[in-house]
Amino acid sequence: QHELILVPPQVFFRQVLYLTSFGFRVIALDYPVVWSLGDWCLSFQRLLDHLSLARVHIFGASLGGFLAQKFAEQEHGRARRVASLVLCNSFVETSIFQQTNSVKSFWLLPAVVLRSTVMHNLDSISSRDREIADSMLFLNHSLHSLSQQQLASRLTLNCQDDYVEPHKLQGLPVTLIDVFDDNALTSRVREETYKCYPDAKRAHLKSGGNFPYLSRASEVNLHLQIHLQPFLNSPLSPADDSVNPTACACVETPVTSAAATAASAH
């Protein structure tokens, strides 16, 4: 059986509700408390083994997208368990955060300091768009539900000095979803990601902030469907056999036309 894995879980509830209503098999995963990228990949591999999932499609945002790439990368030269990737506002190297010297101290810091570190770049971005502002508020509240160890672990993974080796991901179907308005990632970071995946499909959203899967959920959901549609009714399908590939692409008309045009352009 093949599934769509969402990383991390708290922010993707709109994708889970929408896609499962069409018969897609979706699993939202939380991050385990680990202190290295290798340990995270090993824990993810063990989870797939436990769930008897031979191959999976992964939708990852920000750190989740980076971790998804690292897991797919480690399978280079072996039977690949990642069937495809969808990366949203993600990155290919951690040096962009300029925190590699702080990695060894995160586990010592109190939760309030760790939350402030996470929100530092995000708080500098304001928006009059209500949905974007609400997404920022939601993520801020979500941070307060995480323990000190969870926060320290995520920051450690996010800032460890590492990078993606794109030659190990050649031939893997990839869709890149990003936004053109203000967000924590610079245009240089986006361009570096494009260079790593020259054959990837690109889904550009006019706006959406740091968390378009919340603020522009309809558009992101459509791009997920477009990405997964070629796999339907195939051995790699992440949906029940009853899913109609054409019917599942129906969403609100204004969003459909704008998003589909952006996707087809690449």
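Let's start with the second largest pocket. Its lining is made up of Pro166, Leu169, Gln170, Gly171, Leu172, Pro173, Val174, Cys196, Tyr197, Pro198, Asp199 and Ala200. Keep in mind that this is a predicted model. The volume of this second largest pocket is about 190 Å³. Sort its lining residues and you get nine nonpolar, two polar and one charged.

Now the salt bridges. The count comes to 11. Take Glu3 and Arg25: their closest N and O atoms are 3.4 Å apart. Glu3 sits in strand β1, and Arg25 in the loop between α1 and β2, so this pair ties together parts that are 22 residues apart in sequence. Glu3 is buried, at 6% relative accessible area. Arg25 is buried too, at 16%.

Arg25 has another partner. Asp240 forms a salt bridge with Arg25, with 3.5 Å between the closest N and O atoms. Asp240 lies in the loop between α9 and α10, so here the parts tied together are 215 residues apart in sequence. Asp240 is partly exposed, at 37%. Put together, Glu3, Arg25 and Asp240 form a network of salt bridges.

Next pair: Glu131 and Arg216, closest N and O atoms 3.2 Å apart. Glu131 is in helix α5, Arg216 in the loop between α8 and α9, and 85 residues separate them. Glu131 is partly exposed, at 46%. Arg216 is buried, at 11%.

Last, the surface. Which residues form a nonpolar patch there? Val33, Trp35, Trp107 and Leu108, with about 420 Å² of accessible area together. Leu108 is in the loop between β4 and α4. Leu108 counts as exposed because its relative accessibility is 56%, and the cut-off is over 50%.

Notes. Residues are numbered from 1 along each chain as its sequence is written. This is a predicted model: local features need pLDDT of at least 70, side-chain atom pairs count only at pLDDT 80 or more; totals for chains, interfaces and linings use all residues. Side-chain values use heavy atoms; hydrogens and water are left out. Patches are made of residues with over 30% relative accessible area and no salt bridge: like charges are joined within 9 Å, nonpolar side chains (Val, Leu, Ile, Met, Phe, Trp, Tyr) within 5 Å. Accessible areas come from the Shrake-Rupley method with a 1.4 Å probe; for residues, only the protein chains shown count as cover. A salt bridge is a side-chain nitrogen of Lys or Arg within 4 Å of a carboxyl oxygen of Asp or Glu. Helices (H or I, at least four residues) and strands (E, at least two) are DSSP runs, numbered from the N terminus. Buried means under 20% relative accessible area, exposed over 50%, partly exposed in between (1.4 Å probe, protein chains only). On a 1 Å grid over the protein atoms alone, a cavity is a set of points where a 1.4 Å probe fits but cannot get out, and a pocket is an open set with protein on both sides within 12 Å along at least five of seven lines; lining residues have an atom within 4 Å of a point. Grid points are joined across faces, edges and corners, and a volume is the space filled by probe spheres set on the points. Ala, Val, Leu, Ile, Met, Phe, Trp, Tyr, Cys and Pro count as nonpolar, Asp, Glu, Lys and Arg as charged, and the others, Gly among them, as polar.
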